[in-house]
Amino acid sequence: MKDKEKGMGVHASAIKKDRQALRRRQHNRTMMAAIKTAVKKVRAAVKTKDASSAKQALTEVVPTLAKAASKKLIHRNRASRLISRLTRHTNRVAAG
C-alpha cells in the first residue's frame with residue numbers, strides 16, 4: 001500500500017506532521033485514560049460512602065484535571081466543573 005493510500009503526507013513536512021500527530025494522539029489518549037480512571041476512583045469511593053478514600057482520591061484527581069486543563073487537553077470549564085462536582089460529592093460523604 002502506498003503512503004498516499006494510508007493517509008500519509010508526501011512532502012517531508014507533511015510526513016513529520018503525521019509523526020508528531022501520532023505521538024500527540026498517543027500521549028493524549030494516555031492522559032485521558034488516566035483522568036477517567038482517577039475520576040472513576042473518586043466516584044466509586046463516594047458510592048461506597050468511604051470518606052477517607054474519597055478524599056484521598058480527590059487530592060489525586062484535582063491536580064491531574066488542573067494540569068490537563070492547563071495543557072488544553074480538556075476545556076478549563078470542564079475541569080473546573082468536574083473538580084467542583086467531585087468535591088461536593090466528597091464533602092457530602094464526609095459530612096455523613
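View 1. A charged patch joins like charges within 9 Å, using residues with over 30% relative accessible area and no salt bridge. The model is predicted: local features need pLDDT of at least 70 and side-chain atom pairs pLDDT 80 or more, whereas totals for chains, interfaces and linings use all residues. Residues are numbered from 1 along each chain as its sequence is written, and side-chain values use heavy atoms, without hydrogens or water. Lys-36, Lys-40, Arg-43, Arg-78, Arg-81, Arg-85, Arg-88 and Arg-92 gather on the surface as a patch of positive charge; Lys and Arg count as positive, and each charge is placed at NZ of Lys or CZ of Arg. Helices α2 (12–47) and α4 (76–95) each supply at least two residues of the positive patch, helices being DSSP runs (H or I, at least four residues) numbered from the N terminus. The largest share of the patch, five residues, comes from α4. Lys-40, one of the patch residues, lies in helix α2. Lys-40 is classed as exposed because its relative accessibility is 59% (buried, under 20%; exposed, over 50%; partly exposed, in between; 1.4 Å probe, protein chains only).

**View 2. The largest nonpolar core.** This core has 18 residues, where a nonpolar core is a set of buried Ala, Val, Leu, Ile, Met, Phe, Trp, Tyr and Cys residues joined through side-chain atoms within 4.5 Å. Val-42, Val-61, Leu-65 and Leu-86 have the most contacts inside the core. Three helices, α2, α3 (51–70) and α4, each supply at least two of the core residues. Helix α3 gives the largest share of this core, with seven residues.

**View 3. The salt bridge between Lys-41 and Glu-60.** The side chains of Lys-41 and Glu-60 meet at 3.8 Å, N to O, in a salt bridge (a side-chain nitrogen of Lys or Arg within 4 Å of a carboxyl oxygen of Asp or Glu). Lys-41 belongs to helix α2 and Glu-60 to helix α3, so that the pair, 19 residues apart, links distant parts of the chain. Under this rule, the count is one salt bridge.

View 4. Most residues other than glycine have a negative phi. Lys-49, however, has a positive phi, near 60°. Lys-49 sits in the loop between α2 and α3 and is exposed, with a relative accessible area of 67%. Phi of Lys-72 is likewise positive, near 65°. Lys-72 is found in the loop between α3 and α4, where Lys-72 is exposed, with a relative accessible area of 71%.

**View 5. Met-32 and its separation from Ile-15.** Met-32 is placed in helix α2. The relative accessibility of Met-32 is 21%, which means that this residue counts as partly exposed. From Met-32 to Ile-15 the C-alpha to C-alpha distance is 26 Å, over a sequence separation of 17 residues.

**View 6. Asp-18 and its separation from Ala-94.** Asp-18 is another residue of helix α2, and counts as partly exposed at 27% relative accessibility. Asp-18 and Ala-94 are 76 residues apart along the chain, and their C-alpha atoms are separated by 48 Å.

Terms used. Patches are made of residues with over 30% relative accessible area and no salt bridge: like charges are joined within 9 Å, nonpolar side chains (Val, Leu, Ile, Met, Phe, Trp, Tyr) within 5 Å. Accessible areas come from the Shrake-Rupley method with a 1.4 Å probe; for residues, only the protein chains shown count as cover.
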